[in-house]
Amino acid sequence: MASPRVDAELLAAHVLGVSRGRLALLDDLGRADRDQLDALVARRAAGIPLQHLTGVAWFRHLELAVGPGVFVPRPETELLVDAGRALLGRPDPLVVDLCAGSGALGLAVANELPGARVVAVEQDPAALGYLRRNARARHAAGDPAVRVVDADATDDALLPELSGTVDLVLTNPPYVPAGTPLPADVAGADPDRALYGGADGLAVVRPLIRQAARLLRPGGALVVEHDDTHGAAVPALLVAAGYAEVADHRDLAGRDRYSTARYAPPGWKTAPS
Ligand SMILES: C[S@@+](CC[C@H](N)C(=O)[O-])C[C@H]1O[C@@H](n2cnc3c(N)ncnc32)[C@H](O)[C@@H]1O
């Protein structure tokens, strides 16, 4: 939804190096700041994402570096962190973020669960640059180190040493069906490889569901974001791949948005509550 006033205020705060809340306390802008703000407002009006102009995106409690070439984390993805945390039964879980982009999911888990060991997998060079930068910055700020892995998240040979040991897999993969019309600011801003998941949108989701089943320990949990047209298809894929406790969830706009499940190989039983 367009929010020109908020965007202009955030750009002014960026130019002045203050929080948006402090703008009302400041005097008029100087000439140089005004020129810089005018230029930024013109670029925003031309459709450049706010986060590309400021260079940062907020995700849960984190300020992440973003820019052209990396997917800008979305508010609805924040819900996956709560869903994943709710499925964990220990304070020191092993967590894998597949298709990590700027690192939003994995770095948020490391920030909120200081006992977690987190591995973030991404294959795009531009996204990896932001991911490494954000991981370094969060570690310098006191969060646990996140291991960044440059790899195809769908590769059968991914992280063989972790097979059957992971407590939680989080993933927000590319899932938009090819040809789906997107708002101009989305289509022009986020890289296609971050958005599109083949003809039916499930070309990356399908192998990731298998990949997670290999990585997870019995009873380990998967949280996967999906297209709002996949509220039935993704749960069906999860059931077919041997997961239990499969559930689908809506985002704050009421759209089918992510699925949760536990890997349940033959013989694994849900712990009695
Ligand atoms: C929708 S973006 C999500 C990024 C991040 N998880 C977030 O929520 O902000 C999907 C990401 O998956 C990456 N990606 C796509 N296919 C991949 C693959 N086969 N292996 C690893 N990363 C992949 C893209 O480069 C992109 O960064």
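This is a predicted model: local features need pLDDT of at least 70, side-chain atom pairs count only at pLDDT 80 or more; totals for chains, interfaces and linings use all residues.
Is Leu 159 buried or exposed? Leu 159 is buried, as its relative accessible area is 6%. The points below treat the annotated domains, the ligand site, and selected residues in loops.

**Annotated domains**

- UniProt, in an unreviewed entry, assigns residues 2–55 to "domain: Release factor glutamine methyltransferase N-terminal". In the model, this span is 61% helix and 0% strand, and its end C-alpha atoms lie 19 Å apart.
- The annotation "domain: Methyltransferase small", also taken from an unreviewed UniProt entry, covers residues 92–175.

**Ligand surroundings**

- The side chain of Glu 122 places an N or O atom 2.7 Å from an oxygen atom of the ligand.
- Two further pairs involve nitrogen of the ligand: a polar backbone atom of Ala 153 is 2.8 Å from a ligand nitrogen atom, and a polar side-chain atom of Gln 123 lies 3.5 Å from a ligand nitrogen atom.
- The UniProt record (unreviewed entry) places the feature "binding site" at Asn 172, Pro 173, Pro 174 and Tyr 175.

**Loop between E6 and H7**

- Pro 174 is situated in the loop that runs between strand E6 (166–171) and helix H7 (184–189). With a relative accessibility of 11%, Pro 174 falls below the 20% limit and therefore counts as buried.
- Not counting residues up to four places away in sequence, Pro 174 touches Cys 99, Arg 193, Ala 194, Leu 195, Tyr 196, Gly 197, Gly 201 and Val 204.
- Tyr 175 belongs to the loop between E6 and H7 and is buried, at a relative accessible area of 10%.
- When neighbours within four places in sequence are left aside, the contacts of Tyr 175 include Leu 195, Tyr 196, Gly 197 and Gly 201. Glu 225, His 226, Asp 227, His 230 and Arg 257 are also among the residues in contact with Tyr 175.
- Gly 179 is located in the loop between E6 and H7 and counts as exposed, because its relative accessibility of 72% is over 50%.
- Gly 179 and Gly 198 are separated by 19 residues in sequence, while their C-alpha atoms are 9.2 Å apart in space.

**Buried aspartates with arginine partners**

- Asp 124 occupies the loop between strand E4 (117–122) and helix H6 (125–140), and is buried at 9% relative accessible area.
- The side chain of Asp 124 forms a polar contact of 2.2 Å with the side chain of Arg 193. The side chain of Asp 124 also reaches the backbone nitrogen of Ala 126, at 3.2 Å.
- Beyond its neighbours within four places in sequence, Asp 124 is in contact with Gly 69 and Arg 193.
- Asp 190 lies in the loop between H7 and helix H8 (192–195), and its relative accessibility of 5% classes Asp 190 as buried.
- A polar contact of 2.6 Å links the side chains of Asp 190 and Arg 74. Setting aside neighbours within four places in sequence, Asp 190 is in contact with Val 70, Phe 71, Val 72, Arg 74 and Leu 195.

- Most residues other than glycine have a negative phi.
- Arg 60, although not a glycine, has a positive phi of about 50°. Arg 60 is found in the loop between strand E1 (56–59) and strand E2 (62–65), and counts as partly exposed at 21% relative accessibility.
- Leu 159 is likewise not a glycine and has a positive phi, of about 45°. The loop that holds Leu 159 runs between strand E5 (146–150) and E6, and Leu 159 is buried there.

Methods. Residues are numbered from 1 along each chain as its sequence is written. Side-chain values use heavy atoms; hydrogens and water are left out. Helices (H or I, at least four residues) and strands (E, at least two) are DSSP runs, numbered from the N terminus. Buried means under 20% relative accessible area, exposed over 50%, partly exposed in between (1.4 Å probe, protein chains only). A polar contact is a pair of N or O atoms within 3.5 Å; within protein, one must be able to donate a hydrogen and the other to accept it, and residues adjacent in sequence count only if both atoms are side-chain atoms. Contact means heavy atoms within 4.5 Å. UniProt positions are given in the numbering used here, feature names are shortened, and annotations may be inferred rather than shown by experiment.
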